[in-house]
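Here's a quick briefing for anyone opening this one up for the first time. Take a look at the sequence and the model, then read on.

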Amino acid sequence: MQEAGLISDYLESIADALSFDRSLSRRVRQEVEDHLREAAAADPIGDRLEAERRAIASFGASHAIAAQFAIVSLAKHTRRVGAAAIVVIAAVFAAMKARVAWYTATQWAMSDDVRAVSAIVGSIDRYAFWLAVLLAIGSWAYITGRHIPAVFNPRYRQQLRRSFLLCAAAGGLLVVSVISDGALTAFRLSGAEVCAGFIVPLVSMTIEIVCAGVLVFQIRAMLRRATSTAALLKT
Amino acid sequence: MEGEMLKGHLDMIVLAALSAGPAHGYAVIDQIRRKSGRAFDLPEGTIYPALHRLEQAGLLASRWMRAESGRRRRVYALTRRGERALAERRAVWRQFSDAIGGLLEGTRPCKKPA
């Protein structure tokens with residue numbers, strides 16, 4: 001193996017293990033490379049290859065170090081998703097209110113045929129939305145108030161899990177709320193002649209769908225990160 | 001020193017090492033090694049996740065700099081919050097150390113814990 005290969009292989013191993021978070025992987029790679037090259041240069045042994053080998057040995061097993069970075073990254077992402085859930089729900093609320101205000105301003109009434117069904121869907125929408133609000137705030141407040149421990153322990157794992165479940169539940173309820181909104185919008189638009197006035201309900205629904213999609217994507221990314229971290233901790 | 005005992009105080013150790021001024025990871029480790037008389041035997045790589053964690057907690061701030069070698073280097077510094085946290089931990093540690101010292105040596109602690 002060539003001299004440059006020892007450190008490069010080690011860096012590759014750490015970067016690969018953290019590939020689920022590209023910016024972290026890049027940053028860790030640069031920081032670790034700087035450390036290892038400096039440590040090897042400072043080693044008085046003279047033999048550069050041996051100095052690099054010693055620098056790597058002193059640094060620790062790549063998977064163990066990567067696992068510690070992964071935990072910090074997971075904690076950071078979990079907090080970020082909690083905050084994102086609140087922002088996304090606020091955006092959905094704004095879109096929803098804009099649409100309702102538009103209906104009121106244009107006196108766009110719903111046909112009598114769907115009034116009974118829309119009352120039920122409206123209730124589902126309200127309960128799902130406000131429950132999503134409570135769970136998202138709960139998830140964010142819960143994990144933000146927790147200190148990331150120096151050593152990953154079962155207690156913190158449990159806390160991350162709870163926060164994830166709260167956030168996932170909030171995301172699920174938001175999706176239910178957006179689907180209900182979609183149904184209500186369809187009820188409202190059905191029967192009416194297509195006109196420029198359709199733009200506001202359609203645009204506001206698009207915003208809601210995109211917002212819900214963003215949250216689902218973030219939750220999915222968090223799950224992937226958690227899975228990768230768990231796999232690293234096992235090795 | 002026992003690894004688990006050391007890990008329990010890792011945050012304080014890293015903060016203390018940075019109290020002298022901004023430094024990159026290697027310099028932090030070097031500082032810890034020198035000031036502790038090589039008493040701490042942790043894998044060097046353990047310090048970096050700790051630096052990231054403390055930065056995330058708002059106790060450290062960091063930025064990239066260019067080293068003389070031309071390599072990019074991440075330099076860490078204590079934030080105001082980090083300085084306060086270190087001062088608090090230092091006070092708690094002194095009380096704890098005095099109390100344990102008193103117990104082990106059979107003498108009274110120097111100061112009464114608050």
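First, a term you'll need: two residues are in contact if their C-beta atoms, placed from the backbone, lie within 7 Å. With that in hand, residues 24 or more positions apart account for 81% of the contacts in chain A with a separation of 6 or more. Keep in mind that this is a predicted model, where local features need pLDDT of at least 70 and side-chain atom pairs count only at pLDDT 80 or more, while totals for chains, interfaces and linings use all residues. Residues are numbered from 1 along each chain as its sequence is written, and chains are lettered from A and ligands numbered from 1 in the order in which they are written.

**Chain A**

- Chain A has seven helices and zero strands; helices (H or I, at least four residues) and strands (E, at least two) are DSSP runs, numbered from the N terminus.
- Its pattern along the sequence is therefore α-α-α-α-α-α-α.
- The radius of gyration of chain A is 26 Å, whereas a compact globule of 235 residues would have one near 18 Å. That radius is taken over C-alpha atoms, and the globule rule is 2.2 Å times the number of residues to the power 0.38.
- Along its principal axes, the C-alpha trace of chain A spans about 90 × 40 × 25 Å.
- Of its 235 residues, 37% count as buried, meaning that 20 or more other C-beta atoms lie within 10 Å of a residue's own, with C-beta atoms placed from the backbone.

**Chain B in outline**

- Chain B comes to five helices and three strands, and from the N terminus on these run α-α-β-α-α-β-β-α.
- Buried residues make up 28% of its 114 residues.
- Take the contacts in chain B between residues at least 6 apart in sequence: 43% of them join residues at least 24 apart.

**The sheet of chain B**

- The three strands of chain B form an open, antiparallel sheet in the order E1-E3-E2; two strands pair if DSSP finds at least two bridges between them.
- E1 and E2 of chain B are the edge strands, each pairing on one side only.
- Seven bridges join E2(B) (residues 60-66) to E3(B) (residues 72-78), while E1(B) and E3(B) pair over two bridges.
- Who sits across from whom? B:Val75 in E3(B) is the bridge partner of B:Arg63, and B:Val75 is also the bridge partner of B:His24.
- The hairpin of E2(B) and E3(B) has five residues between the strands, and B:Gly70 there takes a positive phi near 95°.

**Helix H3 of chain B**

- In H3(B) (residues 25-35), the buried residues include B:Gly25, B:Tyr26, B:Val28, B:Ile29 and B:Ile32.
- Why do they line one face of the helix? Seen down the axis of H3(B), the buried residues fall within an arc of 160°, an arc of the directions from the helix axis to the C-beta atoms.
- These buried residues pack against H2 of chain A, together with H2 (10-17), E1 (23-24), H4 (47-56) and E3 of chain B.
- Just after H3(B), B:Gly37 takes a positive phi of about 65°.

**Where the chains meet**

- The contact takes 19 residues from chain A and 23 residues from chain B.
- On the chain A side, the elements giving two or more residues are H2 (22-42), H3 (48-59) and H4 (62-106). H2(A) gives the most, with eight residues.
- The residues on that side of chain A divide into nine nonpolar, five polar and five charged. Here Ala, Val, Leu, Ile, Met, Phe, Trp, Tyr, Cys and Pro count as nonpolar, Asp, Glu, Lys and Arg as charged, and the others, Gly among them, as polar.

Key. Buried ≥ 20, exposed ≤ 12 C-beta atoms within 10 Å, placed from the backbone.
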